[in-house]
Amino acid sequence: MNVLTSITVLGFLIFFHEMGHFLAAIFQGIYVDGFSIGFGPSIIQKKYKGITYSFRAFPLGGFVSFPDEEINNIDPEDPNLLKNRPITQRVIVISAGVFANLLLAYTILIINVTSIGIPYEPDPGILVLAIQPEKAAFKAGLEPGDKILKIDGNVLGIGDQAVSTLVSKIQSSSEESISIEIERENSNQSLILIPQSIEGKGTIGAQLQPNIKKETKKTKNIKELFQYTNKEFSSLLIKTIQGYKGLITNFSSTAQQLSGPVKIVEIGAQLSEQGGTGILLFAALISINLAVLNSLPLPLLDGGQLVFTLIEGLRGKPVPVKIQMAVTQSSFFLLVGLSVLLIIRDTSQLLIVQRLLNQ
């Protein structure tokens with residue numbers, strides 16, 4: 001049931017993204033002939049007022065289609081064709097999906113904050129959320145749930161600043177010993193960390209976060225509600241952008257952190273076990289990721305179409321079809337290849353698959 005919930009959430013987020021493109025076109029009087037959720041053969045299809053609405057076999061995707069003047073017997077000079085509209089209007093249509101996902105994520109965060117409140121100020125120290133097998137943190141004896149209180153005898157601060165202090169120390173201490181003091185089950189212990197070097201920077205293979213209390217408090221007023229939501233939204237957006245930036249600037253060390261559709265569904269299933277709050281958080285995170293992903297300048301994504309459109313605006317004429325096709329085809333094979341690798345990797349890491357392989 002949890003897996004079904006996460007797939008449903010993903011389908012809704014994609015629907016909302018495509019609805020952004022759809023409404024941006026319709027409200028400007030631009031011809032649209034199709035609205036599809038998913039790819040592959042249609043399972044449900046209905047034509048209404050010249051637009052074919054369909055739900056397809058593979059729901060993790062979707063598209064809005066615009067009529068081909070030759071097939072639909074439309075005058076090529078018809079001003080209501082997307083290609084004949086001013087650059088500004090076309091940019092609005094192309095960008096609308098990204099803005100729809102950002103707006104949805106922000107709205108979800110407001111709902112979440114309104115319903116569960118905001119956290120108290122963090123306690124001192126850093127909470128260890130997860131440990132990667134055979135990495136430095138694992139070898140040092142760190143465990144999920146540990147609270148790191150001191151580093152080389154110095155007390156860590158609180159919140160994001162404490163995390164930044166520890167991460168900076170780790171990155172600058174590759175292959176060097178670091179003494180840390182942790183709290184585990186109400187008792188303190190000392191451990192020795194030896195960060196592994198990846199491209200000259202130390203890493204320990206642990207997921208860290210500020211030591212936040214589980215309890216929450218209601219916001220005092222509308223101002224505090226929006227201040228906290230703005231802070232959380234900005235933080236999630238910046239971290240997501242930095243994550244994608246790392247894929248370009250430091251692919252070798254960040255590739256292992258990539259997650260494909262299988263892993264995303266698994267994470268969604270785990271969060272949905274926490275009830276409505278977990279589902280809302282999952283929806284906000286993925287909605288922001290969809291927005292940032294679709295902003296990348298790859299031809300199959302909104303960002304790539306935006307680049308072609310802006311180049312056309314500067315040149316005064318479209319980019320030659322042969323060039324568009326060549327770039328699009330290379331981008332297609334890149335995305336498909338990466339998706340296949342991620343699906344294979346993520347599937348092999350599922351507990352049920354590991355059990356089957358070990359039998």
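In which helix does Thr-229 lie? In this predicted model, where local features need pLDDT of at least 70, side-chain atom pairs count only at pLDDT 80 or more and totals for chains, interfaces and linings use all residues, Thr-229 is part of helix α5, residues 222-249. Residues are numbered from 1 along each chain as its sequence is written, and side-chain values use heavy atoms, with hydrogens and water left out. Helices (H or I, at least four residues) and strands (E, at least two) are DSSP runs numbered from the N terminus.

Thr-229 counts as buried because its relative accessibility is 1%, the term buried meaning under 20% relative accessible area, as against over 50% for exposed and in between for partly exposed (1.4 Å probe, protein chains only). When its neighbours within four places in sequence are left aside, Thr-229 is in contact with Tyr-106, Leu-109, Ile-110 and Val-113, contact being defined as heavy atoms within 4.5 Å.

Strand β5 (residues 147-151) pairs with strand β4 (residues 123-131) in the antiparallel sense over 2 bridges, and Ile-148 of β5 stands opposite Ile-126. Strand β7 (residues 178-184) also runs antiparallel to β5, to which it is joined by 4 bridges, with Glu-181 in β7 opposite Lys-150. Strand β6 (residues 154-155) is joined to β5 by 2 bridges, again in the antiparallel sense, and Asn-154 in β6 is the bridge partner of Ile-151. The hairpin of β5 and β6 has 2 residues between the strands, and within this hairpin Asp-152 takes a positive phi near 50°.

Notes:
Pairing = 2+ DSSP bridges.
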